[in-house]
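Q: Could you walk me through this structure? I have not seen it before.

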Amino acid sequence: VVVVSVVIIATAIIIGTVVGVGQFVGSGFQNSSILDNQFKILGGLFEGDIGQIASRFTKELPQTLLGLGLSLGANALGRVKSVSYYGGATVVEHYSRKWGAFTLGSYINGNNGIQADPTNSLFKHEYGHYLQSQDVGWNYMYDYAIPSLSSSNRAKNHSEHDAFWTEQDANIRGRDYFEERGYKWDYFNHPIYRSGQNDSFDRDYGHLIRKRQKLGGWLSLTH
(Lines give C-alpha, C1' and ligand atoms only; values in the text may rest on other atoms or scores of the structure.)
Protein backbone atom coordinates (compact mmCIF):
# COMPACT_ATOMS: atom_id res chain seq x y z
CA VAL A 1 0.00 0.00 0.00
CA VAL A 2 2.75 2.45 0.94
CA VAL A 3 4.76 1.96 -2.28
CA VAL A 4 1.66 2.17 -4.50
CA SER A 5 0.47 5.27 -2.63
CA VAL A 6 3.83 7.04 -3.09
CA VAL A 7 3.64 6.37 -6.85
CA ILE A 8 0.09 7.74 -6.94
CA ILE A 9 1.13 10.82 -4.97
CA ALA A 10 4.13 11.60 -7.20
CA THR A 11 2.11 11.07 -10.38
CA ALA A 12 -0.81 13.16 -9.11
CA ILE A 13 1.47 16.04 -8.11
CA ILE A 14 3.11 16.11 -11.54
CA ILE A 15 -0.20 15.95 -13.41
CA GLY A 16 -1.85 18.40 -11.01
CA THR A 17 0.96 20.90 -11.44
CA VAL A 18 0.87 20.68 -15.24
CA VAL A 19 -2.92 20.86 -15.42
CA GLY A 20 -3.02 23.58 -12.76
CA VAL A 21 -0.52 25.78 -14.59
CA GLY A 22 -2.47 25.23 -17.80
CA GLN A 23 -5.69 26.23 -16.05
CA PHE A 24 -4.06 29.35 -14.60
CA VAL A 25 -2.53 30.49 -17.90
CA GLY A 26 -5.60 29.54 -19.92
CA SER A 27 -7.85 31.59 -17.66
CA GLY A 28 -5.77 34.71 -18.18
CA PHE A 29 -4.09 34.22 -14.79
CA GLN A 30 -7.45 34.39 -13.00
CA ASN A 31 -8.23 30.77 -12.00
CA SER A 32 -5.67 28.84 -9.94
CA SER A 33 -8.09 26.52 -8.12
CA ILE A 34 -6.28 23.27 -9.00
CA LEU A 35 -2.92 24.59 -7.79
CA ASP A 36 -4.53 26.13 -4.70
CA ASN A 37 -6.30 22.89 -3.83
CA GLN A 38 -3.12 20.90 -4.37
CA PHE A 39 -1.23 23.04 -1.86
CA LYS A 40 -4.10 22.76 0.63
CA ILE A 41 -4.28 18.98 0.28
CA LEU A 42 -0.53 18.67 0.87
CA GLY A 43 -0.83 21.12 3.74
CA GLY A 44 -3.28 18.76 5.38
CA LEU A 45 -0.33 16.59 6.38
CA PHE A 46 0.52 19.24 8.98
CA GLU A 47 -2.96 20.10 10.25
CA GLY A 48 -3.92 19.36 13.84
CA ASP A 49 -1.99 18.95 17.06
CA ILE A 50 1.46 17.43 17.38
CA GLY A 51 0.05 14.02 18.27
CA GLN A 52 -2.14 13.91 15.15
CA ILE A 53 0.73 15.01 12.92
CA ALA A 54 3.11 12.43 14.41
CA SER A 55 0.47 9.70 14.06
CA ARG A 56 0.08 10.50 10.36
CA PHE A 57 3.72 9.64 9.69
CA THR A 58 3.84 6.57 11.94
CA LYS A 59 0.84 4.49 13.03
CA GLU A 60 -1.51 5.91 10.35
CA LEU A 61 1.03 6.05 7.53
CA PRO A 62 -0.56 3.56 5.04
CA GLN A 63 -4.04 5.06 5.07
CA THR A 64 -2.68 8.60 5.21
CA LEU A 65 -0.59 8.12 2.06
CA LEU A 66 -3.46 6.43 0.22
CA GLY A 67 -5.88 9.18 1.27
CA LEU A 68 -3.39 11.84 0.20
CA GLY A 69 -2.79 10.17 -3.16
CA LEU A 70 -6.48 9.77 -3.98
CA SER A 71 -7.17 13.36 -2.93
CA LEU A 72 -4.38 14.70 -5.12
CA GLY A 73 -5.49 12.47 -7.99
CA ALA A 74 -9.07 13.71 -7.83
CA ASN A 75 -7.80 17.28 -7.81
CA ALA A 76 -5.49 16.70 -10.79
CA LEU A 77 -8.56 15.51 -12.72
CA GLY A 78 -10.40 18.72 -11.86
CA ARG A 79 -12.94 17.03 -9.61
CA VAL A 80 -12.22 18.92 -6.39
CA LYS A 81 -14.33 21.94 -5.47
CA SER A 82 -12.81 22.90 -2.13
CA VAL A 83 -10.46 21.84 0.66
CA SER A 84 -11.10 22.64 4.32
CA TYR A 85 -9.77 21.65 7.74
CA TYR A 86 -11.14 20.85 11.17
CA GLY A 87 -9.78 18.97 14.15
CA GLY A 88 -6.81 17.61 12.23
CA ALA A 89 -8.97 16.34 9.36
CA THR A 90 -8.64 17.51 5.76
CA VAL A 91 -11.95 17.52 3.89
CA VAL A 92 -11.82 17.33 0.10
CA GLU A 93 -15.17 18.36 -1.39
CA HIS A 94 -15.90 17.04 -4.89
CA TYR A 95 -18.15 18.66 -7.48
CA SER A 96 -20.16 15.45 -7.91
CA ARG A 97 -23.28 14.89 -5.82
CA LYS A 98 -25.04 12.24 -3.75
CA TRP A 99 -22.40 9.54 -3.46
CA GLY A 100 -21.44 10.05 0.15
CA ALA A 101 -17.86 10.09 1.38
CA PHE A 102 -14.88 7.97 2.40
CA THR A 103 -12.11 8.47 4.93
CA LEU A 104 -8.49 7.33 4.74
CA GLY A 105 -6.40 8.57 7.63
CA SER A 106 -7.12 12.25 8.12
CA TYR A 107 -8.25 12.69 4.50
CA ILE A 108 -12.02 12.78 3.99
CA ASN A 109 -13.25 12.84 0.38
CA GLY A 110 -16.93 13.63 0.01
CA ASN A 111 -19.68 14.73 -2.32
CA ASN A 112 -20.71 18.28 -3.07
CA GLY A 113 -21.72 19.96 0.18
CA ILE A 114 -19.38 18.33 2.66
CA GLN A 115 -17.27 20.77 4.64
CA ALA A 116 -14.91 20.53 7.60
CA ASP A 117 -17.59 22.05 9.80
CA PRO A 118 -18.90 20.63 13.10
CA THR A 119 -22.43 21.46 11.97
CA ASN A 120 -22.06 19.39 8.78
CA SER A 121 -23.76 16.02 9.34
CA LEU A 122 -21.78 13.99 6.81
CA PHE A 123 -18.49 15.41 8.04
CA LYS A 124 -19.25 14.44 11.63
CA HIS A 125 -19.93 10.85 10.60
CA GLU A 126 -16.72 10.68 8.55
CA TYR A 127 -14.78 12.23 11.41
CA GLY A 128 -15.86 9.16 13.38
CA HIS A 129 -13.94 7.08 10.83
CA TYR A 130 -10.92 9.34 11.32
CA LEU A 131 -11.16 8.63 15.05
CA GLN A 132 -11.15 4.91 14.21
CA SER A 133 -7.98 5.42 12.18
CA GLN A 134 -6.26 7.23 15.04
CA ASP A 135 -7.28 4.43 17.40
CA VAL A 136 -6.17 1.31 15.49
CA GLY A 137 -3.40 2.73 13.30
CA TRP A 138 -2.04 0.34 10.66
CA ASN A 139 -4.99 -2.01 11.20
CA TYR A 140 -7.50 0.58 9.97
CA MET A 141 -7.66 -0.71 6.40
CA TYR A 142 -8.28 -4.27 7.55
CA ASP A 143 -10.47 -3.50 10.57
CA TYR A 144 -12.63 -0.70 9.19
CA ALA A 145 -12.02 0.66 5.67
CA ILE A 146 -12.38 -2.56 3.66
CA PRO A 147 -15.35 -3.90 5.66
CA SER A 148 -17.08 -0.52 5.33
CA LEU A 149 -16.51 -0.44 1.57
CA SER A 150 -17.83 -3.98 1.25
CA SER A 151 -20.96 -3.09 3.21
CA SER A 152 -21.55 0.03 1.11
CA ASN A 153 -21.40 -2.03 -2.08
CA ARG A 154 -23.65 -4.82 -0.77
CA ALA A 155 -26.25 -2.88 1.21
CA LYS A 156 -29.73 -2.68 -0.30
CA ASN A 157 -30.16 0.89 0.94
CA HIS A 158 -28.43 3.55 3.01
CA SER A 159 -30.12 2.50 6.25
CA GLU A 160 -28.83 -1.05 5.89
CA HIS A 161 -25.31 0.32 5.50
CA ASP A 162 -25.92 2.51 8.57
CA ALA A 163 -26.65 -0.68 10.49
CA PHE A 164 -23.25 -2.15 9.63
CA TRP A 165 -20.93 -2.27 12.62
CA THR A 166 -18.21 -0.03 11.14
CA GLU A 167 -20.79 2.72 10.60
CA GLN A 168 -22.41 2.33 13.99
CA ASP A 169 -18.97 2.55 15.56
CA ALA A 170 -18.15 5.70 13.55
CA ASN A 171 -21.47 7.27 14.54
CA ILE A 172 -20.91 6.59 18.22
CA ARG A 173 -17.35 7.90 18.13
CA GLY A 174 -18.40 10.97 16.14
CA ARG A 175 -21.39 11.68 18.39
CA ASP A 176 -19.32 11.45 21.57
CA TYR A 177 -16.57 13.65 20.14
CA PHE A 178 -18.83 16.43 18.88
CA GLU A 179 -21.37 16.41 21.69
CA GLU A 180 -18.49 16.91 24.13
CA ARG A 181 -17.81 20.08 22.14
CA GLY A 182 -21.40 21.27 22.20
CA TYR A 183 -22.63 20.10 18.78
CA LYS A 184 -25.80 18.02 18.41
CA TRP A 185 -25.77 14.73 16.56
CA ASP A 186 -27.94 14.19 13.47
CA TYR A 187 -29.75 10.99 14.45
CA PHE A 188 -32.02 11.15 11.42
CA ASN A 189 -29.24 10.85 8.82
CA HIS A 190 -26.79 8.93 11.00
CA PRO A 191 -28.82 6.73 13.36
CA ILE A 192 -27.39 4.99 16.41
CA TYR A 193 -28.94 1.75 17.58
CA ARG A 194 -30.70 1.94 20.95
CA SER A 195 -29.97 5.64 21.31
CA GLY A 196 -33.63 6.36 22.02
CA GLN A 197 -33.69 8.61 18.96
CA ASN A 198 -34.36 6.11 16.15
CA ASP A 199 -37.27 3.81 16.99
CA SER A 200 -38.03 2.94 13.36
CA PHE A 201 -34.36 2.23 12.63
CA ASP A 202 -34.09 0.03 15.71
CA ARG A 203 -37.21 -1.88 14.67
CA ASP A 204 -36.30 -2.35 10.99
CA TYR A 205 -32.55 -2.91 11.22
CA GLY A 206 -31.88 -3.90 14.82
CA HIS A 207 -31.82 -7.60 13.90
CA LEU A 208 -28.86 -6.97 11.59
CA ILE A 209 -26.96 -5.12 14.29
CA ARG A 210 -27.62 -7.82 16.90
CA LYS A 211 -26.42 -10.51 14.51
CA ARG A 212 -23.24 -8.60 13.69
CA GLN A 213 -22.57 -7.86 17.34
CA LYS A 214 -22.47 -11.61 17.96
CA LEU A 215 -20.28 -12.33 14.95
CA GLY A 216 -18.06 -9.26 15.02
CA GLY A 217 -15.46 -7.97 12.60
CA TRP A 218 -14.76 -9.71 9.32
CA LEU A 219 -17.18 -12.59 10.02
CA SER A 220 -20.04 -10.11 9.59
CA LEU A 221 -19.08 -9.62 5.94
CA THR A 222 -20.42 -13.05 5.07
CA HIS A 223 -23.82 -12.60 6.66
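**Salt bridges and surroundings**

A: The side chains of R181 and E180 form a salt bridge, with N and O 3.7 Å apart. Please keep in mind that this is a predicted model.

Q: Is R181 buried, exposed or partly exposed?

A: R181 is partly exposed, because its relative accessibility is 40%.

Q: And E180, buried or exposed?

A: E180 has a relative accessible area of 65%, so it is exposed.

Q: How do D135 and R173 meet?

A: Their side chains meet in a salt bridge, at 3.1 Å from N to O. This pair links distant parts of the chain, since D135 lies in helix α5 (residues 121–136) and R173 in helix α8 (residues 165–179), 38 residues apart.

Q: What about D169 and R173, how far apart are their closest N and O atoms?

A: The closest N and O atoms of D169 and R173 are 2.5 Å apart, and the two residues form a salt bridge. D169 and R173 are four residues apart in helix α8, so about one helical turn separates them.

Q: Why does that spacing matter in a helix?

A: An α-helix has 3.6 residues a turn, so residues three or four places apart point the same way.

Q: How accessible are D135 and R173?

A: D135 counts as partly exposed because its relative accessibility is 45%. R173 is also partly exposed, at 22% relative accessibility.

Q: How many salt bridges does the structure hold?

A: The structure holds six salt bridges.

Q: Back to α5. What is the span between its end C-alpha atoms?

A: The end C-alpha atoms of α5 are 24 Å apart. At 1.5 Å a residue, its 16 residues should span 22 Å, so the two values agree.

Q: How many residues of α5 are buried?

A: Of the 16 residues of α5, 13 are buried, so the helix is largely enclosed by the rest of the structure.

Q: What is found at the start of α5, and what follows the helix?

A: At the start, a side-chain oxygen of N120 comes within 3.3 Å of the backbone nitrogen of L122. After α5 comes G137, which has a positive phi, near 60°.

Q: Which residues other than glycine have a positive phi?

A: K98 is one of them, with phi near 60°. R194 also has a positive phi near 60° and is not glycine.

Q: Where are K98 and R194?

A: K98 sits in the loop between β2 (89–94) and β3 (101–104). R194 sits in the loop between α8 and α9 (199–215).

Q: Are they buried or exposed?

A: K98 is exposed, with a relative accessible area of 82%. R194 counts as exposed too, at 62% relative accessibility.

Q: Changing topic: which residues form a nonpolar patch on the surface?

A: V21, V25 and F29 form that patch, and together they have about 280 Å² of accessible area.

Q: Where is F29 placed, and is F29 buried or exposed?

A: F29 lies in the loop between α1 (2–26) and α2 (33–43). With a relative accessible area of 53%, F29 is exposed.

Q: Now S71. Where is it, and is S71 buried or exposed?

A: S71 is in helix α4 (residues 61–76). Its relative accessible area is 0%, so S71 is buried.

Q: What does the side chain of S71 reach, and which residues does S71 touch?

A: The side chain of S71 reaches the backbone oxygen of G67 at 2.7 Å. Leaving aside residues up to four places away in sequence, S71 touches I41, V80, V92, Y107 and N109.

Q: How far apart are P147 and S55?

A: P147 and S55 are 92 residues apart in sequence, and their C-alpha atoms are 22 Å apart in space.

Conventions
Residues numbered from 1 in each chain as written. Predicted model: local features only at pLDDT ≥ 70, side-chain atom pairs only at ≥ 80, totals over all residues. Heavy atoms only, no water. Patch = residues over 30% accessible without salt bridge, like charges linked within 9 Å, V, L, I, M, F, W, Y side chains within 5 Å. Areas by Shrake-Rupley, 256 points an atom, 1.4 Å probe, with all protein chains shown as cover. Salt bridge = Lys/Arg side-chain N within 4 Å of Asp/Glu carboxyl O. Helix = DSSP H or I, 4+ residues; strand = E, 2+ residues; numbered from the N terminus. Buried < 20%, exposed > 50% of the residue type's maximum accessible area, 1.4 Å probe, protein only. Expected span 1.5 Å × (residues − 1). Polar contact = N/O pair within 3.5 Å; in protein donor to acceptor, adjacent residues only side chain to side chain. Contact = heavy atoms within 4.5 Å.
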